[in-house]
Amino acid sequence: MATVVELPLETYKGPVDPDWCPGCGDFGVLRTLQRAAGKLGIHPKDLMVVSGIGCSSNLPGYIHAYGFHGLHGRALAQATGMKLGNHDLHVVITGGDGDGYGIGIQHFIHSMRRNIDLTYVVMNNQIYGLTTGQASPTTERGEWTKSTPGGCPEDDLNPLAMALIAGATYVARGSSAEQEHLTNLIAQGIQHKGFALIDVFSPCVTYNKHNTHQWFKERVYKLEETDYDPTDYDRALLKVREWGDQIPIGLCYQVNRPTYEDGEPALKKGPLVHHKLGLTPEQRRTLLQEFM
Amino acid sequence: MQHLEVTVGIGGAAGDGSGATGDNLAKVCSRLGLHVFAYNSYQSLVRGGHVWLRLRIGAQKVMTHGDDLNLLIGLNQDTLDRHAGEVVPGGGILYNERLKVVQDDLQPEVQLYPLPIRELLQPFGRQTILQNTIALGGIFWLLSLDLDVLEGAIQELFGGRRKSDEIVASNVGAARAGYQSVRERYPALGYGWQFTGKQRMVVSGNEMFGLGALAAGCKFYAAYPMAPSTAVLHWLARHATSHDIVVKQCEDEIAVLNMAIGAAHVGVRAMCATSGGGFSLMTEAVGLAGMTETPVVVIDVQRGGPSTGLPTKTEQADLNQLFGASQGDYPRAILAPTDVVDCFNTVVEAFNLAEKYQCPVLIASDLLLSEHRESADPEDFNFDIPIDRGALVTNGVTNGEYKRFALTPSGVSPRVLPGTEGTAYVAASDEHDETGVLISDEFTNPEMRVLMMDKRMRKMEGLLKDCPPPQLFGPANADVTLIGWGSTKGVIREAIAALAEEGITANNLQIRYLVPFHEPEVRDILQASRHTLVVENNYTGQLARHIRAETGFTVDGKILKYDGEPFEPHHIVARVKEILHGNSR
């Protein structure tokens with residue numbers, strides 16, 4: 001294996017600076033993604049950052065790499081096409097909880113069951129930010145938002161538990177305040193062969209006055225500092241449901257399973273994008289003969 | 001001009017083998033050098049119900065399943081009850097002698113051919129599935145077709161299956177038994193075919209979309225099963241490994257088009273097919289392809305709408321939807337292939353247009369065009385159309401800063417593929433500048449917005465130039481001009497021939513390019529026409545509306561059909577006569 005030449009943070013400096021609110025958790029996620037890419041020595045030309053729509057989905061515009069800023073909720077579908085089209089690319093999807101766990105949840109579930117080699121970083125702020133503060137799928141029951149003035153009437157969705165059930169092979173949770181820790185989680189997620197989910201606490205300083213930086217700071221603890229074993233699936237199912245005064249962050253579960261690409265015969269001859277196009281005279285004859 | 005032809009109707013229940021009978025008959029006729037056109041009417045169930053295949057066989061090209069039913073194979077009572085009365089004078093009915101044909105229902109001079117099916121099945125352990133083959137053997141005698149060729153076809157159809165020797169032997173035996181049984185008792189019908197021996201193919205539109213995709217270098221096909229587009233998925237899935245393409249069944253049609261766009265964005269030729277309902281789910285992504293300038297090909301095989309509508313019936317009522325797909329204005333093309341060979345051509349052309357103009361290209365088919373089977377000659381397929389990848393930069397960008405969405409006179413900006421050194425950019429669904437940086441986040445930037453809109457829409461000018469204008473078929477000074485789009489070409493052309501026999505001259509303007517639209521050419525043709533009638537399988541006359549919107553020309557009348565079944569020539573002939581004689585409009 002070739003030795004990794006780490007690249008400096010400036011390598012990934014984007015063409016414009018983020019226009020997120022001052023104090024937004026997403027700044028930390030952007031920086032850790034840049035650090036993780038640098039740590040792994042991934043050249044910007046080989047990095048594809050895909051997003052949907054929302055505050056956090058603006059991220060591809062702020063990082064120097066190839067990017068695709070597509071439709072609300074559809075980033076995983078687009079990313080899947082990109083990975084199957086050119087599996088030499090490192091494809092990282094960045095987005096929010098509304099984008100991924102709300103409007104795009106079908107792609108979330110099916111991408112995990114496919115175990116396609118994608119790295120999905122969700123900036124989970126438990127609120128819709130860009131649309132100015134409505135309940136999201138991860139807003140806690142009873143929470144006041146503009147769309148739930150009587151308190152959120154639904155239970156929140158647990159993305160990590162859902163990921164475990166749907167078959168994700170790398171399930172982690174980080175906090176944008178824990179930069180070093182999150183950098184490692186993202187880097188390992190990129191290195192992981194298969195679908196990696198990194199759900200990140202990335203507080204919205206404008207619209208979520210409950211799940212704040214301070215709120216998380218008082219509660220999170222790192223699994224890596226305990227005797228937790230991330231290869232134990234049953235234990236992971238219990239662990240990811242821990243919520244309240246103590247909230248775990250870190251690698252919750254990892255397993256090696258064949259990726260979707262491993263089972264796709266056409267990709268054995270290299271990335272699709274490099275294949276020669278069209279039919280040979282022999283193939284034409286054979287195909288026409290089929291209809292005779 | 002009369003030419004030698006016959007239409008055979010085969011009825012049965014789904015899953016009882018009548019489909020294979022039709023396939024065999026079509027295959028044999030095509031091998032003998034005859035032409036066929038087969039249309040299968042069916043319903044949305046897997047077993048049972050009523051399946052009704054009409055196979056028209058002609059010494060010359062046949063473009064519809066025709067008006068007349070000459071020979072009926074009725075092996076269940078339901079088929080006889082429904083269709084015995086449709087057999088025209090001079091025709092005949094082959095049926096199980098234990099079933100009942102009501103004489104009063106029949107047209108005059110219809111010959112009955114009761115078959116002792118039970119007795120004939122005896123040597124084969126009474127496998128009732130073989131009764132179709134027995135009847136087929138009888139048809140071969142009546143139509144003077146070569147039984148040896150049928151045996152060859154049976155060999156191919158069933159060979160390679162489990163217990164194939166046994167199945168082939170019993171089917172060949174059954175065909176011979178049926179042939180002999182009818183031969184002993186009835187004279188042949190005296191069809192003096194000239195068998196040219198020219199081997200023809202039997203193809204469907206959906207299969208030709210698949211073949212066209214392979215010829216065009218499509219490497220990624222995504223789909224969600226939906227009638228009547230599913231055969232494209234099946235055909236390509238079957239050929240995926242041998243042709244190194246990825247065929248991906250997705251969770252829904254939203255994923256289908258977004259995945260195809262993802263693959264296309266990294267440089268792979270990508271396509272998907274669906275029907276109207278699936279296309280509804282795709283529409284947001286169609287606009288995404290327009291905005292991010294991603295080349296992608298989408299086929300809509302129309303069926304009866306709205307909503308779930310008529311899943312197994314034909315209609316041409318998605319034009320408004322295709323035209324109105326997605327919010328905003330963006331460049332795209334909408335092509336409507338007019339026959340099975342054109343399905344192949346259209347996919348090849350669509351990929352070239354999509355990549356040359358970096359935009360979505362939509363193809364409008366329908367159940368009739370996609371699912372009917374028709375003979376075609378191998379020479380009809382031009383595999384030598386070059387694959388044009390448009391302004392795709394593969395040898396690096398050396399002249400300074402790369403702008404993915406550079407303002408150019410043609411509106412087409414050279415495309416580099418992700419993975420290329422030194423040209424990283426973001427493709428965004430938000431409005432953006434030449435480099436891809438969003439302008440949607442700025443307070444306002446009307447100048448850049450206008451520049452980018454104008455740049456994208458300029459591509460329509462080039463697209464229009466690359467699409468040949470429609471040509472009038474038939475005499476310019478005809479009594480009536482029949483205007484159609486897509487699959488109705490064949491039936492309109494046959495109706496023209498039938499009208500000529502009645503002293504009415506007609507011509508045909510078949511629109512293949514719905515977008516871009518050849519506005520002056522179409523207007524000139526229509527203004528010079530004596531009486532203009534659209535022929536469409538929908539309720540409102542969506543093409544008539546489109547023509548009016550594009551040209552300001554209002555057609556004189558509409559011949560519309562929205563009962564789920566395709567036009568037959570006589571439908572058009574009757575309506576033309578009514579309209580010309582002033583009985584109705």
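Domain bounds here come from an automatic or database domain assignment. The model is predicted: local features need pLDDT of at least 70, side-chain atom pairs count only at pLDDT 80 or more, and totals for chains, interfaces and linings use all residues. Residues are numbered from 1 along each chain as its sequence is written, with chains lettered from A and ligands numbered from 1 in the order in which they are written.

**Exercise 1.** State into which domains chain B is divided, and describe the contact of domain 1 with domain 3.

Solution.
- Chain B splits into domain 1 (5–199), domain 2 (203–380) and domain 3 (472–580).
- Between domain 1 and domain 3 of chain B, the C-alpha centres are 35 Å apart.
- Domain 1 of chain B puts 6 residues into the contact and domain 3 of chain B puts in 9 (two residues are in contact if their C-beta atoms, placed from the backbone, lie within 7 Å).
- The domain 1 side has 2 nonpolar, 3 polar and 1 charged residues (Ala, Val, Leu, Ile, Met, Phe, Trp, Tyr, Cys and Pro count as nonpolar, Asp, Glu, Lys and Arg as charged, the others, Gly among them, as polar).

**Exercise 2.** Characterise the side of chain A that touches chain B.

Solution.
- The contact takes 47 residues from chain A and 56 from chain B.
- Helix 2 (75–85) of chain A is among the elements giving two or more residues (helices, H or I, at least four residues, and strands, E, at least two, are DSSP runs numbered from the N terminus).
- Helix 2 of chain A gives the most, with 8 residues.
- By class, the chain A side has 24 nonpolar, 15 polar and 8 charged residues.

**Exercise 3.** Find the strand of chain B that pairs with strand 2 of chain A.

Solution.
- Strand 16 (residues 426–428) of chain B pairs with strand 2 of chain A in the parallel sense, over 3 bridges (pairing needs at least two DSSP bridges between two strands).
- G67(A) has V426(B) as its bridge partner in strand 16 of chain B.
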